Amino acid sequence: MASMRAVGLFSKVTFPKFSYLTGSTSRNFTVSSVMLTRTHVNYDVKGDVAVVRFNTPNSKVNTLSVTLQSEFQQVMNEIWSNDAIKSAVLISSKPGCFIAGADINMIENCKTADEVTQLSQEGQKLFAKLEKSSKPIVAAINGSCLGGGLEAAIVCHYRIATKDKKTVLGSPEVMLGLLPGAGGTQRLPKMVGLPAAFDMMLTGRNIRADKAKKMGLVDQLIDTLGPGLKSPEERTMEYLEEVAVDCARGIVNKTVSIKKEKGLIQKITDYVMGIAFVRKQIYNTVEKRVMKQTKGLYPAPLKIIEVVKTGVEQGSDAGYLAESQKFGELAMTNESKALIGLYHGQVACKKNKFGTPQKEVTKLAVLGAGLMGAGIAQVSIDKGIKTIMKDTALEGLNRGQDQIFKGLNDKVKKKSLTSFERDSILSSLSPQLDYKGFEKADMVIEAVFEDLAIKHKVVKELEVIIPPHCIFASNTSALPIGEIAAVSKRPEKVIGMHYFSPVDKMQLLEIITTDKTSQDTTASAVAIGLKQGKVIIVVKDCPGFYTTRCVAPLMAEVVRILQEGVEPKKLDTLTTGLGFPVGATTLADEVGIDVAAHVAENLGKTYGPRIAGGNVDVLKAMVAKGFLGRKSGKGYYIYQEGVKNRTVNSGAQEVLDKFKIPAKPEVSSDEDIQFRLLTRFVNEAVLCLQEKVLSNPIEGDIGAVFGLGFPPCLGGPFRFVDSYGAQKIVDKMRKYEGVYGNQFTPCQLLLDHAKDSSKKFHH
């Protein structure tokens, strides 16, 4: 729904490209003597310093592919055997990336945990050789240095990084259900300390260069350079290489020290960490936090704690062995496969399969300065798109401007923007009360009230003003785009662009096409969405599209479960126990009780009993009392500024008591309640694929996870059907169908998969 706010661990799931191991299906790093031309790694010698350059061909990033690793091993062997070379520098030929990715297929191609363990052990051996090198090695880092890239950097004797915003270091393996597999779990605690190492590995967050320097991940920082005879990127890379070469030479000549002098605080910290009781408390505290956040649904964080603990308490040999073994075990889990599937899906949904638009959208206009309109305007100006934001009232316009300023100013507070950059971004916004400038707009996105008559009025007004090439996009969350386009003189230029709230935080954009929408219009909508930084799914037009259709039966079931007497907080606990980032009752408040009532009524007219569940009058009665959810301060819960522990709204409970219905004991266990919600969501998703509203299961999984908070550990509704089993889902639904009727009737495509277990949505 357009007003849904997802929170919690993995609610905003971002999978940066990264590498976590070396090796592949090939089990050694030897290169044939006839293989004289290297394509991924080369080096030249500057005096007595070898400069090793990583350069994955035909790619914007360097990836630790099997070829790169083989060539890297060969290059290092040559350097080690050449007495004229005294030291080495590792650097990238790509300005925005040191090493930021691996071919994840290397893991996926492995059939057993032992095979993956072998990959890990090969990586450990390679990096151990680098760490023990008698010739000093300096890592020159500009851009992303993640996963295996970080593991490669920390085995070097010295690390230099640029102050470029793109320069980030991190261990994001946990986001794929894995752990650092090439020694990272053992080296990071020694380098940055136990608490910081746990924070890096358990959150997967990126660390900017300045913070990395303070932590001890980086030894030296250099400034980026401005334009000259060459581009700033080229000049910065040349300067970085020059500094790194001088540094490598200085280490050999003893003018640069690689020994770190420990300050008093560090010495005290080391002493405290030497106490077994203190370490035990850290392990216990971290584990409790992980369990609280993940509900134990993600095995990787717990394995990371276990492996780190093994190394610290039993020694490095035991630690490296545990790391490789647990890495292999994790790679075979359903959770890792689900998260890797989402990673692949996200990559696919960040490409424009509709081609290059005939005209680039450089001037955008947004109608409505409310929560959604202001959010759309913010993510547009943030990417340099000149944007008009129009509202009908000055008060609304001012509120929208305040929202945008606050959103950007929050970035200033977090130091991801400077105040100058914030003001520069804001200069791309033109807030106004009239249609001035719309005659030059390339695209208009309307975010006005969800009323067909109002949207028709807007279409008619705009088509008199906007140029012939201008695209009209609607941010509706449920109204059919075809009905909105019915009054348009150019329906081929009309499209749906369903954003999710808050727009600057939620990654998904659901684009909706009608039979009359042109391919170029779709290409333009996708292009602008990608520029805004969105993950995009494109679906066919129908009431509710894909995402709202999936959440509607879920919300209907929530009302019924509450009517049956399940406490709101218990229902929240049951749904977060499945892996949803927010509980079902909380989700209803986030969506808005009024919005839920509106959608239930509208979709009920189209889809009939299948979308039904609880009594819609429950929602209407709550709306009548002003219980609209979080936005009004009261919904099922009471919301107060600064109060974390919400209390149940007694007024809402009175409404539920009034409409109370007897629970059915045979379908009211905790597991049944969870599966009643889950199966209704999944069945509607599969039906959308059956009806060709979705073009493929990948977009269905991405839309469900990134837009609706479907449990990432399950990988999306289609991945869940594959892993859990279609027949088991059908059996559950037949059981509920016997009690509640056709709201739980499995769709034909789900039945087809149940009949033939070889049928899978993902291959």
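**Aromatic contacts and a nonpolar surface patch**

In this predicted model, Phe 98 counts as buried, at 0% relative accessibility. Phe 54 is likewise counted as buried, with a relative accessibility of 1%. A search of the whole structure gives 11 aromatic pairs. In one of these, the ring centres of Phe 54 and Phe 98 are 6.0 Å apart and the planes stand at 85°, so the pair is classed as edge-to-face, the cut-off being over 60 degrees. This pair joins distant parts of the chain, with Phe 54 in strand β2 (residues 49-54) and Phe 98 in strand β4 (residues 97-99), 44 residues apart. Ring pairs also bring in Phe 72, which forms a cluster with Phe 54 and Phe 98.

The rings of Phe 580 and Phe 710 form an edge-to-face pair, with centres 5.9 Å apart and planes at 70°. Phe 580 lies in the loop between α21 (568-576) and α22 (584-591), and Phe 710 in the loop between α27 (697-708) and α28 (717-724); the two are 130 residues apart, and the pair links distant parts of the chain. Both residues, Phe 580 and Phe 710, are buried.

Arginine side chains also lie over aromatic rings. The charged end of Arg 560 is placed over the ring of Tyr 740, 4.0 Å from the ring centre. Arg 680 lies over the face of Phe 744, at a distance of 5.6 Å from the ring centre.

On the surface, a nonpolar patch is formed by Leu 264, Ile 268, Tyr 271, Val 272, Ile 275 and Phe 277, which together have about 650 Å² of accessible area. Helix α9 (residues 264-273) contributes the largest share of the patch, four residues. Val 272 lies in helix α9 and is partly exposed, with a relative accessible area of 31%.

Technical notes
Residues numbered from 1 in each chain as written. Predicted model: local features only at pLDDT ≥ 70, side-chain atom pairs only at ≥ 80, totals over all residues. Heavy atoms only, no water. Patch = residues over 30% accessible without salt bridge, like charges linked within 9 Å, V, L, I, M, F, W, Y side chains within 5 Å. Areas by Shrake-Rupley, 256 points an atom, 1.4 Å probe, with all protein chains shown as cover. Salt bridge = Lys/Arg side-chain N within 4 Å of Asp/Glu carboxyl O. Buried < 20%, exposed > 50% of the residue type's maximum accessible area, 1.4 Å probe, protein only. Phe/Tyr/Trp six-rings, centres within 6.5 Å; stacked < 30°, edge-to-face > 60°. Lys NZ or Arg CZ within 6 Å of the ring centre and 35° of its normal.
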